[in-house]
Every structure is written in C-alpha cells, then in structure tokens.
Amino acid sequence: MSAIDRIRSLARPSRLVITTLLGLSVAGIALAADTNSPEDRVRLLLKTRLPKTPVTAIDCGKISGLCEITAGANLFYVDTGARFLVIGRVYDMQTRQDITAARLLEMNPDMLVGAAAKANATANAGGDDDTAQLAAVTPGRGEKLARPEVPQKLSLAELPREGAIVWGNPSGQTVTIFTDFRCGYCRALTSVLKDMNVRVVERPISVLGSRDVADRVYCAKNREAALHAAYAGEDLKAGPACDTSGLDANEAFAHRHGLSGTPVIVRGDGAVIEGFRPKAFLENWLKGGQS
C-alpha cells in the first residue's frame, strides 16, 4: 500500500465510528425531545403566534388537553399544539369547581369574581397589541374595581329555612351573610363576627366554584365546626349525602338579585352592604337595624 493509500485509509472513518456517532446523535435528539416539556413547546409556539403577549406562566398538567396560560393579569387556555386559543371559564363537573375562578383568585386574592366586570374590563383594555385584546375578554379581568348591582335593601322572606348555617350567639342580633368558602374576605369577615355578640345566618353561594365544599359543610354533623374548618383550609372528608336543595335556593336567590360577589351582608331590616368590614364599623352599622 502506497503512502497516499495509507493516508486515505486513516482519514476514512470506520463503520464502527459512524455507527457510534449516529447512535449518539439519535440519542441526543431523543434526549432533547424528552427534556422539551409541553410547557416549553407551547411557550416557543406562543412567541410566534402571540409575539406581543408576555407569558408569565404555563401549566399543561391541570386540565387534560389544555394548557393554562397566565399573561400578567390575563388568563386563557390553548391546546397542547398552541393552535387553538380558548377564552372563558373552565368548570370541573366532577368536583363542581370553577377552575378559572379559583386560579384568578390565586392570582389576585383581593378581587371580586363576578360577571359585572366584563364591561369594565373591555373599557379599560386599550391598544392594539395581543395583551390588550386578551384583557378585554379574559374572565374576571378588572373585577377588583367592579361591584355587582345589589339593592340597598333586600328581603330574605322568599328564602327557605334550608340552606342556612346558623352559628354564634342564639340570642344575639341576627346578621345574614352570603359567602363563598374560597373567598378570603369571607374568611376574614367570619373571624370578625366570631368576636361579636351576634347570631350569624350564613348562606353559602358558589361564586368561586366552592359548591363541593358547601355540600360537605352543610351535610356535616356539626355544621358550625365544619364551616370554620373549611375557612381554615382544612380537608373536609365527604360524609353521608343530605338534602342540599337549600343551597340551590341560595344560589338561585343570589342570581335573581345580582349577588355576584362575596361577601354580602344583610341586616335584620334588609339593609345591605358588600365586602369585608372591620368590627367597629359592623357594630355601629348593626345598631341602625335595632328596633
């Protein structure tokens, strides 16, 4: 073999080397695919399809077939191929939870989640970029500023006795509150009322998708204890089923009278105030309803 042939032989890679390199290359591609999570893939696709939207969080594991997208104060959904964009509320029919409302509450614990804010959101959303247009239709957007239309006085006469969880001082002045077990202000209001000499008639309504919790509290042997445990975030085990038609009546009443946010406080004479109030305010306000 000539010197030139020996040089060509040394320069030519062997089949073993080629096979080894090819195997490593394929393994590298597979490894890259394994480490490329659904969230990473969706993020890359959204950079192309919604280039002006600053995506802050992506969760593709919460809802089968959908990825939850958080973009600042906006919340929407896309399929795992980021082709279809879904704007609206996702409701879990098994747990009876409004997943979208619960997530919006996590994003902003101070906001009121009701239908009244949609027009306000649209009015506040300006500009022609992706984020502004998403803001105009994102459920719950701007609801911290909006207040549901509630009458100054509200008659509770049409409500049945069922559906109420009564606690506090049996001989104290009665105050009725429409609450949601996932509402932070409702939890704070309950803590204040515990320190007051009043009889509380609590009527749960599922504004934030808490109907499953309300059912467990209402069907508990000790409703008062279960109520405070629910507000404390304790895990309530499902007990025997009971008649929860009273809770249905609460929600129907709330819908008829525009109670789309919680808490709503009703005095004995029917006077209504919305939202959390401190103890001193409530004590003074309740005096106005005493005969």
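This is a predicted model: local features need pLDDT of at least 70, side-chain atom pairs count only at pLDDT 80 or more; totals for chains, interfaces and linings use all residues.
## Helix α10: length and faces

Five residues of α10 are buried: Gly246, Leu247, Asn250, Phe253 and Ala254. Seen down the helix axis, the buried residues of α10 fall within an arc of 120°, so they line one face of the helix. An α-helix has 3.6 residues a turn, so residues three or four places apart point the same way. On the other side of α10, His255 and Arg256 are exposed. The buried residues pack against three elements: strand β8 (173–179), strand β9 (198–204) and helix α8.

Pro263 sits in the loop between α10 and strand β10 (264–266).

## The chain as a whole

The chain holds eleven helices and eleven strands. It has 291 residues, and buried residues make up 40% of them. Take the contacts between residues at least 6 apart in sequence: 67% of these join residues at least 24 apart.

## Helix α8: a covered helix

How many of the residues of α8 are buried? Seven of its eight are, and the helix is mostly covered. The buried residues are Arg211, Asp212, Val213, Ala214, Asp215, Val217 and Tyr218. They pack against strand β7 (165–168), strand β9, helix α9 and helix α10.

## Where α8 meets α9

Two packed helices are described by the angle between their axes and the distance between the axes. Helix α8 spans residues 211–218, and helix α9 spans residues 223–231. Their axes come within 8 Å and cross at roughly 150°. Angles over 145 degrees count as roughly antiparallel, and that makes α8 roughly antiparallel to α9.

From α8, the residues in this contact are Val213, Val217 and Tyr218. From α9, they are Arg223, Ala226, Leu227 and Ala230. By class, the contact has six nonpolar residues, no polar ones and one charged one.

## Glu224 in α9

Glu224 lies in helix α9. Its relative accessible area is 34%, so Glu224 is partly exposed. Leaving out residues up to four places away in sequence, Glu224 touches Ile165, Trp167 and Gly168. Glu224 and Gly168 are 56 residues apart in sequence, but their C-alpha atoms are 8.8 Å apart in space.

## Val192 in α7

Helix α7 (residues 184–194) contains Val192. With a relative accessibility of 15%, Val192 counts as buried. Which residues is Val192 in contact with, leaving aside its neighbours within four places in sequence? They are Phe276, Arg277, Pro278, Lys279 and Leu282. Val192 and Ala280 are 88 residues apart in sequence and 9.8 Å apart in space, C-alpha to C-alpha.

Ser64 is in the loop between strand β1 (57–63) and strand β2 (66–71). Is Ser64 buried or exposed? Ser64 is exposed, with a relative accessible area of 77%. Ser64 and Asp79 are 15 residues apart in sequence, and their C-alpha atoms are 9.4 Å apart in space.

The loop between strand β3 (74–79) and strand β4 (85–86) holds Ala82. Phi of Ala82 is near 55°, a positive value in a residue other than glycine. Ala82 counts as buried, at 5% relative accessibility. Phe84 has its place in the loop between β3 and β4. Leaving aside neighbours within four places in sequence, Phe84 is in contact with Tyr77, Val78 and Asp79. Phe84 and Leu66 are 18 residues apart in sequence and 9.6 Å apart in space, C-alpha to C-alpha.

Technical notes. Residues are numbered from 1 along each chain as its sequence is written. Side-chain values use heavy atoms; hydrogens and water are left out. Axes are lines fitted to C-alpha atoms, for helices over the stretch in contact, and angles run from 0 to 180 degrees between N-to-C directions. Helices (H or I, at least four residues) and strands (E, at least two) are DSSP runs, numbered from the N terminus. Angles under 35 degrees count as roughly parallel, over 145 as roughly antiparallel, 65 to 115 as roughly perpendicular and the rest as oblique. Contact means heavy atoms within 4.5 Å. Ala, Val, Leu, Ile, Met, Phe, Trp, Tyr, Cys and Pro count as nonpolar, Asp, Glu, Lys and Arg as charged, and the others, Gly among them, as polar. Buried means under 20% relative accessible area, exposed over 50%, partly exposed in between (1.4 Å probe, protein chains only). The arc is that of the directions from the helix axis to the C-beta atoms.
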